[in-house]
Amino acid sequence: MSVLTRDEAQTRAQFLDVHRYKIDLDLTAGEETFDSRTVIQFTATAAGDTFVEVKPATLRSISLDGQPLDPADLVENRFPLTGLTPGTHELHIDAAMRYSRTGEGMHRFTDPTDGETYVYTQLFMEDVQRVFAAFDQPDLKSVFELTVTAPEGWTVLGNAVAEHRGDGHWALAATPLISTYLVAVAAGPWHSVTTEHAGLPFGIHCRRSLAPYLDADADEILDITRACFDRFHEKFDEPYPFDSYDQAFVPEFNAGAMENPGLVTFRDEFIYRSAVTDTERQTRGMVIAHEMAHMWFGDLVTLAWWDDIWLNESFAEYMGYQTLAEATRFTDTWVDFGVARKGWGYDADQRPSTHPVAPDPAAVPDTASAMLNFDGISYAKGASALRQLVAWLGEKDFLAGINAHFARHKFANATLADFIDNLASATDRDVHAWADTWLRTTGVDTLTPRVAESDGNWTLGIDHNGSRPHRIAVGAYDHAPDTHTGTESLVLRDRFEIDVPLDGTPHTRPGNRPALLVLNDGDLSYAKVRLDGRSWETVLNGLSGVPDALTRAVIWNTARDMVRDGELAPTTYLEAARTHLPHETDLALAQGVLAFAATHVADRYIAPEQRPAALATLTALCRDLIRRTEDGHNPGLRLIAVRHLIDAATQPDTIHDWLTNGTVPGGPELDPELRWRILTRLAVLGAIDETTIAAELEQDPSATGQEGAARCRAALPTPEAKATAWHALFNDDGLSNYLFTAIAQGFWQPEQADLVREYVPRYYPEATALAARRGPAIAEAAGRYAFPAHAVDAENLHLGDQALTDQALIPALNRKLTDQIDDLRRAINVRNAH
């Protein structure tokens with residue numbers, strides 16, 4: 001397939017104006033393909049040649065201005081249009097297109113629960129060509145007018161209000177000017193909950209088998225949607241630019257969600273079949289807010305080329321967290337961002353694959369390279385940069401600049417330069433210089449305090465390893481007795497803001513040196529921070545006594561970074577978790593710390609002979625949390641502890657008893673998620689067999705049940721199970737993206753290192769061939785989930801380094817392997833350091 005280059009896109013954008021697409025989709029043609037007929041009305045601004053993109057199963061016919069063209073002229077995904085004259089033209093394309101099983105293009109899914117079928121589009125980057133012919137680049141915006149023929153009993157959703165005209169024929173209202181990648185269709189026998197807000201139709205939709213679960217949460221989802229919608233209208237001068245707002249929760253979705261105008265699609269794991277924590281509900285709310293922010297930043301105003309993807313994602317990420325905190329009951333969103341998202345950015349920014357938030361255009365020469373930038377930098381680091389910008393600029397001037405940007409570029413395209421110019425128009429501060437230092441550079445600054453005291457004062461100096469200016473808060477804390485518990489807690493003595501780098505002289509404050517000094521208190525900037533010696537001693541003894549959850553998040557991130565950098569023994573991190581998590585009240589922090597302790601410390605950063613002791617520590621910690629929550633006052637914390645105790649089990653007896661009894665003593669009762677989690681761990685331990693898995697699947701034949709069974713079967717500690725799973729991963733090209741992921745998650749287990757040793761060298765060539773054959777979505781899954789991350793040794797590192805020299809690696813897999821191998825090298829270094 002030919003990927004579109006930036007130069008080609010710029011040339012075509014100067015040559016063409018695209019006015020309207022009329023697209024007719026027939027979804028009744030069978031299970032393998034659907035029919036796609038497209039009429040494109042456009043103007044050529046000069047005489048010359050260009051091309052249109054399409055990836056058909058069969059190209060039946062194509063004509064330009066009534067004259068037939070030869071379908072055989074299609075080369076890969078491009079059809080040449082030669083000899084165009086200045087003026088208006090009309091292109092007709094009739095094709096059969098393939099349904100997808102990988103979440104790309106038009107994905108088709110049959111629900112194993114009830115046999116109902118659903119289809120939906122995911123057209124991001126260059127997958128529109130899998131659904132209809134298009135001049136596929138973001139700066140050739142157009143009006144889109146769709147008609148869809150669907151089986152009787154189906155509902156069709158799209159970017160605009162849909163009208164059913166009988167006999168399965170649906171017509172969608174014409175859109176305003178939008179980019180090709182934002183066109184969306186979702187069709188099937190949806191279960192829908194509809195309402196009206198601000199004069200617009202609102203709807204939420206899911207497959208019928210999930211109807212009871214959607215209904216249970218419909219009020220919460222719609223309340224968040226309405227609250228965020230109203231809050232955005234308080235922030236933004238431009239009104240919501242589309243005629244309806246639908247949110248469809250769709251199966252086997254690759255991303256968290258997609259910001260299609262008027263029809264946001266979400267992965268349907270956000271419709272909860274099983275118990276979840278309040279933090280998980282907050283995450284769903286954040287995604288709702290994030291995608292809604294895109295209606296303005298991304299949909300109304302769209303990037304001109306993919307080097308500016310951060311303009312979409314960083315903005316939506318920042319606005320998602322901030323607006324949810326302002327408009328809903330979820331007021332502590334930045335704690336979750338700090339502990340769950342920020343590390344994603346820090347980690348990505350320290351790998352060889354790092355890039356600036358706003359990369360140089362030359363670094364994004366084509367769509368394949370652009371796809372690699374959907375990472376922790378474009379999301380978490382970019383959002384952190386914007387949060388720092390708001391702290392430095394002030395929210396009033398920030399929003400004034402944003403609104404100027406919307407007004408000047410609505411229904412059009414804009415660049416980083418446009419965005420910075422519009423921000424600069426609203427302030428006297430040098431936004432251009434800020435952008436150069438924050439958006440055009442890579443890496444993470446590190447801030448280390450130097451503390452001294454004399455003559456009734458204490459002074460703060462800061463060693464600044466990095467190049468960016470920071471506006472940060474500094475928190476000074478003292479010991480204080482807790483009259484309720486009889487123990488010591490910490491109280492805030494003083495919090496003050498300073499600019500880093502300092503002006504050359506230490507910052508002096510009255511009084512004795514504080515027991516704990518926290519740089520970047522409030523987490524307003526993006527930088528790794530360190531603690532002075534006395535503060536670190538205070539933290540190890542009293543972290544749970546720090547009064548503010550966001551401050552604790554900054555401290556836990558400091559400990560996390562120090563482990564990753566080889567400055568803190570992984571066992572010390574575990575001991576700190578064992579000491580302080582039993583007293584933690586914030587669910588996001590408890591979950592984030594336990595996740596790092598389990599998946600990084602216990603699974604990778606300590607030697608295999610230390611793993612049983614680490615799992616024992618995690619088990620003891622989780623038992624403490626379960627005992628603490630016996631009175632039922634914190635079911636979310638109890639659920640987190642139960643999940644992690646299951647995952648850390650080294651003996652089957654306790655969790656097998658839970659499974660047999662259908663409940664954890666004192667609760668919770670086992671729902672499908674917990675049952676499959678226990679079964680997966682029992683499979684790893686060799687405590688169940690195929691008969692048990694099949695019996696559970698019979699009780700839960702849902703899509704998630706199918707995935708749970710696949711994960712369990714791959715986790716069984718037998719040569720036959722591993723051989724079967726491996727063959728499915730690398731030879732079954734009919735495997736869906738979700739089933740691939742489930743099998744990969746089950747396959748590698750630290751406890752089974754000897755059993756799967758022979759597969760480690762096989763992984764690299766077979767993953768390379770698989771990615772080339774099945775494309776970017778499966779390549780991403782193969783690099784993320786099927787990688788032998790448990791094998792923290794020199795041999796795996798050598799094999800990985802060799803694999804990266806293979807010219808056959810497609811970009812998506814190359815990027816994932818680059819990151820995985822760097823993480824592997826870091827894990828080896830951490831082990832060697834301790």
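How many aromatic pairs does the structure hold? I looked this up and found 51 aromatic pairs, where rings of Phe, Tyr and Trp (its six-membered ring) pair if their centres lie within 6.5 Å.

Before going on, I noted that this is a predicted model, in which local features need pLDDT of at least 70, side-chain atom pairs count only at pLDDT 80 or more, and totals for chains, interfaces and linings use all residues. I also wrote down that residues are numbered from 1 along each chain as its sequence is written, and that side-chain values use heavy atoms, leaving out hydrogens and water.

**Entry: W344 and Y379.** I found their ring centres 5.6 Å apart and their planes at 35 degrees, so I call this pair tilted (under 30 degrees is stacked, over 60 edge-to-face, the rest tilted). W344 sits in helix α5 (residues 333-349) and Y379 in helix α7 (residues 377-393), so the pair links parts of the chain 35 residues apart. With a relative accessible area of 32%, W344 is partly exposed, while Y379, at 16%, is buried (buried is under 20%, exposed over 50%, partly exposed in between, with a 1.4 Å probe and protein chains only).

**Entry: W726 and F730.** Here I read 4.4 Å between the ring centres and 45 degrees between the planes, so this pair is tilted. Both residues lie in helix α21 (residues 719-731), four residues apart, about one turn of the helix. Both W726 and F730 are buried.

My note on helices: they are DSSP runs (H or I, at least four residues), numbered from the N terminus.

Terms used
Helix = DSSP H or I, 4+ residues; strand = E, 2+ residues; numbered from the N terminus.
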